[in-house]
Amino acid sequence: MKSLVIQLARLGDIYQSWPALRALKRRQPAGEIHLLTRPRFAGACEGLTAVDRVHLLPTQQILQPLVSSSISGIEESLEKLRELTSALRSENFDQIVNLSFSPLSSYLVHQIETNGTKIKGYTRFSDGYLRIPDDMSAYFYAQVGPGRPNRFHLCEIFATLLGVDLSPPDWQAPQLPAIDHLGLPGEFVAVHVGASESHKRVTYSKWINILSHLRKLRPVKIALIGGSDEVAIGEQMAAAVPAGELTNLVGRLDLLQTMAVLQRASLLVGPDSAPLHMASLVGVPSLNLSVGELNFWETGPRSPGSVVLPAASEEDLPSDTVADMVARLLQHQRLPFATIQACPGTPSYTGLSRQVGALGTSATQVGAVTDEFAWQLLKAIYQGDPFPPPPDKWFLEGICQLIDVNSFVIETLQAVHEPKDLQTRAGLLDRGEEIIETVAKLVPSLIPAIRWYKTEKVRLGPLPFIELRDRNLAIQKMFQDFLEVYVQPTDFQPSVTKEAP
Amino acid sequence: MTTEIEAYLLQALKKLEKASEEIRRTKGYTAEAEELQILIELAKEQVPHEKPCHSTRETR
């Protein structure tokens, strides 16, 4: 089996693809695995022996003619693009798995696929509409990302797309270079001072405060790591701490050397970024300062003993709390109540702050209840788990509204027998969809279900008229089946009796 | 990215979108139309604040 895996995202996403790629090679040792990635991030493929060949998407070369003043810029750019796509097409891959979930990658897949290529992940139909051929990608489209209720980790999502199960050997360090020349102390904590996106970063002043608090709790040696963009902050931090406490390696290491440093560390402290995922591969626990609009369930650390501290911004991350957590982790002390910790299996984290606890009126507790309900609802819709009891009366009212409008949409569709019937009823059907959208805005707990419904509609391809009508009808009826779960006589009791916020 | 390169890219994006519209209007969604779309997406990724959005499209 010859496979092309497309991973056009950043370093961290490539490292999170390693376990699934290794599992694929383990399952198909005689198979050939090709990986398409970007030149800027190709360094994250070093050491990944599961991949037989790495192809690069030469974005700069492709776009260069366009930024010159040449009139023939578009044609030249197209020629360069065609060099890549025809070379990949000539490989005649048995399967293409798109782990990138982007418009760009979807068009590329469609350009590269040949007759008989099995596709997983986003691609396009012949008319240019997005095509989502598999259920895992449909789930991703509907439910994955910051602010959404998904709790499957990206590593597991990638593995599902590649059709493999992960096991512990899929997370292991590659062959790493010697780093004795760096003069690192015997025991140290690695601190990653940067992040690929500014909203995830912790500032210099916050780091200094954290280290200051840590110094009082438990003197520890620090090794700073980071890329060339972070050299300035590394130098500032090195100048601000007592001599001998800190080894500044920012901007001095390549990716494999960074991984080698992490392998020697007792702990990594840092934001959501590539070193966090490197630490997962080398089995070193991390204290993940998950700052910004992120979903740690999807991209958090995986090494046993890792802890996540989520915060909307670094102002919500007290320096003494971070320092205290570092000290506890180093001393293997009991962690505070409701700490989010990595655990085996799926979901990959446990922490009482994310579970349904005693109900009160604080926004945090309401949020925790809403999150938990949304997750249970996802498992019911996608995995056939039992449906959770409705969270409040607003949910049930929303269900009733949806049943009314969906019944109307079904009746309207059933009256469509030829294209002219659709023309006269299109406005009614559009109105029905608008009402469904409005219910989602008014009743957020229904959003996961409505996204599932809308995604099934997006998955419809170019079809003969009657078949398209019938497929639409089937989706409406499937939606109706879900809605009726909550209005049939059951043992459901509302889990809260408070007013919705 | 320099202001000059950004300006060239934004100009290139306009050219590409115009060319893409023209092909779709005259020939439909052809292989060339799709290739132009790839160039559009590549250019969008390079331009700050020009976020390549999710692939949401109308339902059928």
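How are H1(A) and H10(A) oriented to each other: roughly parallel or roughly antiparallel?

Housekeeping before I start: this is a predicted model, where local features need pLDDT of at least 70, side-chain atom pairs count only at pLDDT 80 or more, and totals for chains, interfaces and linings use all residues. Residues run from 1 along each chain as its sequence is written, with chains lettered from A and ligands numbered from 1 in the order in which they are written.

**Entry: the helix pair.** I looked up helix H1 (residues 11-27) and helix H10 (residues 274-282), both of chain A, and got an angle of about 15 degrees with the axes 8 Å apart. H1(A) and H10(A) are therefore roughly parallel (angles under 35 degrees count as that). Their crossing is left-handed (the near helix is turned anticlockwise from the far one by less than a right angle).

**Entry: who meets whom.** On H1(A) I find A:Leu11, A:Gly12, A:Tyr15, A:Gln16 and A:Trp18, meeting A:Ala274, A:His277, A:Met278 and A:Leu281 of H10(A). Contact here asks for C-beta atoms, placed from the backbone, within 7 Å.

**Entry: domains.** Chain A splits into domain 1 (2-170), domain 2 (180-353) and domain 3 (365-485); the bounds come from an automatic or database domain assignment. I get 30 Å between the C-alpha centres of domains 1 and 2 of chain A. Across that pair, 22 residues of domain 1 are in contact with 19 residues of domain 2. On the domain 1 side, H1(A) gives the largest share, 5 residues. That side divides into 9 nonpolar, 8 polar and 5 charged residues.

How values were computed
Axes are lines fitted to C-alpha atoms, for helices over the stretch in contact, and angles run from 0 to 180 degrees between N-to-C directions. Helices (H or I, at least four residues) and strands (E, at least two) are DSSP runs, numbered from the N terminus. Angles under 35 degrees count as roughly parallel, over 145 as roughly antiparallel, 65 to 115 as roughly perpendicular and the rest as oblique. Two residues are in contact if their C-beta atoms, placed from the backbone, lie within 7 Å. Ala, Val, Leu, Ile, Met, Phe, Trp, Tyr, Cys and Pro count as nonpolar, Asp, Glu, Lys and Arg as charged, and the others, Gly among them, as polar.
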